[in-house]
Amino acid sequence: MQTTVTDIASRLRQLITTKYGRAEEELMTSGLIDSLRAVELALALEKEFGLAADSFALSDMKTITSLSQRIFSAQGPHQK
């Protein structure tokens, strides 16, 4: 089964909820993610998805959708 952007978004919501107690689509404007949490999240994403933490920009973290798309494009479709 190939991983989709929707699969990645679901994993992100779970990761963010576990880490911060809630997950909202608008990560930055909701105040859920600030610059410090963005660094923490990038490190967690590195562990979860195997992508280098420095490959994420703040602009990637504006929304769960934008972040999911960034991860998907970096990984490409792959087997679960």
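**Exercise 1.** Does E46 count as buried, partly exposed or exposed, and what is its relative accessibility?

*Solution.* The model is a predicted one. Start with the place of the residue: E46 sits in helix α2. Next, recall the cut-offs: buried means under 20% relative accessible area, and exposed means over 50%. E46 has 33% relative accessibility, so E46 counts as partly exposed.

**Exercise 2.** Find which residues E46 touches once its neighbours within four places in sequence are set aside.

*Solution.* Apply the contact cut-off, heavy atoms within 4.5 Å. With the sequence neighbours left out, E46 is in contact with L51, A52 and A53.

**Exercise 3.** Locate A52 and classify its accessibility.

*Solution.* A52 belongs to the loop that lies between α2 (35–49) and α3 (64–75). Its relative accessibility is 36%, and therefore A52 counts as partly exposed. For a distance, take A42: A52 and A42 are 10 residues apart in sequence, with 8.1 Å between their C-alpha atoms.

**Exercise 4.** Describe the secondary structure and the overall dimensions of the protein.

*Solution.* Count the elements: there are three helices and zero strands. Read from the N terminus, their order is α-α-α. The C-alpha trace spans about 35 × 25 × 20 Å along its principal axes. Then test the radius of gyration: a compact globule of 80 residues would have a value near 12 Å, and the protein has 12 Å, so the two agree.

**Exercise 5.** Identify the residues with the most contacts inside the largest nonpolar core, and the elements that supply the core.

*Solution.* The largest nonpolar core has 22 residues, and L12, L41, L45, F56, M61, L67 and I71 have the most contacts inside it. Two or more residues of this core come from each of α1 (5–20), α2 and α3. Now take L67: leaving out residues up to four places away in sequence, L67 touches L12, L27, L41, L45, F56, D60 and M61.

**Exercise 6.** State what share of the residues is buried, and describe the surface and the charges.

*Solution.* Of the 80 residues, 34% count as buried. The protein exposes about 4,600 Å², of which carbon and sulfur atoms supply 52%. For the charges, count 9 positive and 10 negative side chains; the centres of these two sets are 3 Å apart.

Methods:
Residues are numbered from 1 along each chain as its sequence is written. This is a predicted model: local features need pLDDT of at least 70, side-chain atom pairs count only at pLDDT 80 or more; totals for chains, interfaces and linings use all residues. Side-chain values use heavy atoms; hydrogens and water are left out. Helices (H or I, at least four residues) and strands (E, at least two) are DSSP runs, numbered from the N terminus. The radius of gyration is taken over C-alpha atoms; the globule rule is 2.2 Å times the number of residues to the power 0.38. Buried means under 20% relative accessible area, exposed over 50%, partly exposed in between (1.4 Å probe, protein chains only). Accessible areas come from the Shrake-Rupley method with a 1.4 Å probe; for residues, only the protein chains shown count as cover. Lys and Arg count as positive and Asp and Glu as negative; His and the chain ends are not counted. The place of a charge is taken as NZ of Lys, CZ of Arg, CG of Asp or CD of Glu. A nonpolar core is a set of buried Ala, Val, Leu, Ile, Met, Phe, Trp, Tyr and Cys residues joined through side-chain atoms within 4.5 Å.
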